[in-house]
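Trainee: I have a model open and want to work through its fold. Can we take it step by step?

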Amino acid sequence: VQLQASGGGLVQAGDSLRLSCVASGRTFSGYVVGWFRQAPGREREFVAAIRWIDSSTGYADSVKGRFTISRDNAKNSAFLQMSSLKPEDTAVYYCAAKWSSSVSSDSYGYWGQGTLVTVSS
């Protein structure tokens, strides 16, 4: 499965932004789709994940209550709605997928290119 992430940009602190991840090559059915991010000089970290079959979700503590992951089966796309953005949310955001039933942060085998989110203070 090939993944394409989009939607990044430059926003101010407190603003909202929605990222999209579309799959090609096959549907997301049976997969877990996750979002990760990597800030300059830091390791990549897990942000959120959604299980396609039942929309069960998981989030990193740092984004709970501010970010929402969702999916659109008809568009074969997953989304990350980010609200109340902070400068520390600045990072390259990646979508990823794994053939699994667990919304955990590990074992993602498919990765898209990143999309840059910059939050100014």
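Trainee: Among contacts with a separation of 6 or more, what share comes from residues 24 or more positions apart?
Mentor: Bear in mind that this is a predicted model. Contact here means heavy atoms within 4.5 Å. Count the contacts in the protein with a separation of 6 or more, then keep those between residues 24 or more positions apart: the share is 56%.

Trainee: Which pattern does the protein follow along the sequence?
Mentor: The secondary structure comes to zero helices and eleven strands. Read along the sequence, that gives β-β-β-β-β-β-β-β-β-β-β.

Trainee: Why is the protein described as being as compact as a globular protein of that length?
Mentor: The globule rule gives 14 Å for 121 residues. The computed value is close to that, so the protein is as compact as a globular protein of that length; its radius of gyration is 13 Å.

Trainee: Which strands are the edge strands of the open sheet?
Mentor: Four strands form this sheet, with antiparallel pairing. Their order is 1-3-8-7. An edge strand pairs on one side only, which leaves strand 1 (2-6) and strand 7 (67-72).

Trainee: What percentage of the residues count as buried?
Mentor: The cut-off is under 20% relative accessible area. Apply it to the 121 residues of the protein, and the buried share is 40%.

How values were computed:
Residues are numbered from 1 along each chain as its sequence is written. This is a predicted model: local features need pLDDT of at least 70, side-chain atom pairs count only at pLDDT 80 or more; totals for chains, interfaces and linings use all residues. Side-chain values use heavy atoms; hydrogens and water are left out. Two strands pair if DSSP finds at least two bridges between them. Helices (H or I, at least four residues) and strands (E, at least two) are DSSP runs, numbered from the N terminus. The radius of gyration is taken over C-alpha atoms; the globule rule is 2.2 Å times the number of residues to the power 0.38. Buried means under 20% relative accessible area, exposed over 50%, partly exposed in between (1.4 Å probe, protein chains only).
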